[in-house]
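Let's take a walk through this protein model, one neighbourhood at a time. Keep the viewer open and follow along.

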Amino acid sequence: MFVGRLMRTGRLGRATTLFGERAWMSGAKKAETTKEKEDVQTQEQILFGRTQFNFKTLIHFQDAVRENINQRNLKHASIEKVSELYQQQLPITNQLIAIQTLRNKTADEIKELSYRMKKSTDEAEKKSLKEQVDLLIEKGKEQRIEQETVKNQKSEMYQRLMEEALKIPNTTPPSVPIGDESHARIVSFGPNRTLIYPPQTNVSTLEPLLSESNQRLKEIEPNTSQGFELVPAHEGWRDHLALGTSPEWDLIDFEQASLVTGSKFCFLKRDAALLELALQTWAINKLVGKYDFELLATPDIVLNNVAQSCGFQPRGDNTQMYSIVGSKEEMENPVKCLVGTAEIPLAGYNIDRVYNASDLPKRFVGFGRCFRVETGGAGQHNRGLYRLHQFTKVEMFSVTQPDHSDEELEFLVKIQQELFSELGLPFRVLDMPTEELGASAHRKYDIEAWMPSKQHFGEVSSASNCTNYQARRLNLKVKMGDQKTQLAHTLNATACAIPRVILAILENHQLADGSIRLPSCLSPFMGGRTHLSPRK
């Protein structure tokens, strides 16, 4: 396996037709020599062939596009490069048209002279016509060679143009906060307002967070009488890593896993493994049974072009994705990768689909393993189950009409809030700022649960409205009432990122008698148990 990083890109008003509904196409250049080049080229051809851009419109709004790029702090995206390459290909296109016109003229002349030669009874005239036809045939061959040369130039130019255009991020609504993660705006809180902190904690370090939370709570819920409070944990409290690796619990094993796969992998054991299955089953049952999501067991391996269509970058020095090498020829240029989220195969499931407007929204839930190279830095905030190379996640994915995606985003976030409320975890919902949107998100909400070991909230879920960013690359459309097709909108949202939820349950629900209270929603999936207890 080769490792490679997640393409982060992402301010523009909600001009969802900015990139256009029609594709600017040209013949893709064929691979030249080796098998690996052919494989890579094929992936690019597939992606370029599906993707739709209206370059005239994009360049017309280039000031807004540039502002959006700058506010997202994207170093690799450049509307200037797109504009320059588009202008450079125009004369090549005109040249091709001129050559084709000449070829057509030459073919007509050959046809006319050949007809005259066939009808002529004069041998001298036939000979003269034959010589003219031969000259025109040679001329036509030269024109064909010239045309192929210019076609290759155009194909190369088109590839460079598409490579730069695909770096342009989605649009951003004006109400999204501008800046880095510190500018995230809290938009709501969960019903549990009790913030447990470990023994021996210097409480004064938590008071600014408590004050900020209660102040924002009053702004959001001016009539609430239940504010946040800091509550010390019992003396025997332990963080999830100390508890999970202790002999009496024996729930998590990083040490043995490191011998098998290296660092940042773990074995979940006993009740932790059961808890993973319970969380997965509970979340899926909720989504399928109550909200009528369509359940898909998704592949963990996808083609690179599918990952790229979703806004991820499976190849390159800064990738967050593991590439898969299936043969010796693919060593330098793998064509497949392990998924970083079930969002990718769920989106890929909709490649080349055309839905009737009356059949939308289409809602899917997928479950599977997620594989990520980036695990953050070492230290208290990333220890244990918080950052892993591999973890299980239940993911929601929606396809909507263009005008309904904002409403669908709110719907998905409400489901997330319902799930975390049932788990009894203190949490908050954040409207994420421009530098945190990634490549595909038009708007993104994060949900953070209280994690006593971090003495802060930690991300456990996110929900993104990708508008038509992914649909453009997936050729995913909706047939409207007037029978005209438009690009659909796609959204994704985490239902349950298992390891971080286990972390939050183990740390927030410890009791003084040494047991851990199970959220009642999980009891049916844990043999009717209400508590977890250490081994006897």
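Start with Gln-483, which sits in the loop between strand 17 (477-479) and strand 18 (485-487). Helices (H or I, at least four residues) and strands (E, at least two) are DSSP runs, numbered from the N terminus. Gln-483 is not a glycine, yet its phi is positive, at about 75 degrees. With 54% relative accessibility, Gln-483 counts as exposed; here exposed means over 50% relative accessible area, buried under 20%, and partly exposed in between (1.4 Å probe, protein chains only).

Asp-352 is another non-glycine residue with a positive phi, near 65 degrees. Look for Asp-352 in the loop between helix 11 (343-348) and strand 11. Asp-352 counts as partly exposed, at 47% relative accessibility. Pro-361 lies in the loop between strand 11 (354-356) and strand 12 (362-371), and a cis peptide bond, with omega about 5 degrees, joins Leu-360 to Pro-361. As background, most residues other than glycine have a negative phi, and most peptide bonds are trans.

## How to read the values

This is a predicted model, in which local features need pLDDT of at least 70 and side-chain atom pairs count only at pLDDT 80 or more, while totals for chains, interfaces and linings use all residues. Residues are numbered from 1 along each chain as its sequence is written, and side-chain values use heavy atoms, with hydrogens and water left out.

Glu-395 is placed in strand 13 and is buried, with a relative accessible area of 2%. Beyond residues up to four places away in sequence, Glu-395 touches several others (contact means heavy atoms within 4.5 Å), including Thr-341, Glu-343, Leu-346, Phe-364, Asn-492 and Thr-494. Leu-346 is 49 residues from Glu-395 along the chain, and their C-alpha atoms are separated by 8.8 Å.

Lys-286 belongs to helix 9 and counts as buried at 15% relative accessibility. Not counting residues up to four places away in sequence, Lys-286 touches Tyr-291, Glu-418, Leu-419 and Glu-422.

## The largest nonpolar core

The largest nonpolar core holds 57 residues, and Leu-279 and Leu-423 have the most contacts inside it. Such a core is a set of buried Ala, Val, Leu, Ile, Met, Phe, Trp, Tyr and Cys residues joined through side-chain atoms within 4.5 Å. Helix 9 (residues 270-290) supplies the largest share of this core, eight residues.

Which residues does Leu-423 contact, leaving aside neighbours within four places in sequence? They are Leu-279, Trp-282, Val-501, Ile-505, His-509, Pro-519, Cys-521 and Leu-522.

## Where two helices meet

Helix 3 (residues 62-71) and helix 4 (residues 79-119) have axes that come within 9 Å and cross at roughly 145 degrees. Axes are lines fitted to C-alpha atoms, for helices over the stretch in contact, and angles run from 0 to 180 degrees between N-to-C directions.

On the helix 3 side, Gln-62, Val-65, Arg-66 and Ile-69 take part, meeting Ile-79, Glu-80 and Ser-83 of helix 4. By class, this contact has three nonpolar, two polar and two charged residues. Ala, Val, Leu, Ile, Met, Phe, Trp, Tyr, Cys and Pro count as nonpolar, Asp, Glu, Lys and Arg as charged, and the others, Gly among them, as polar.
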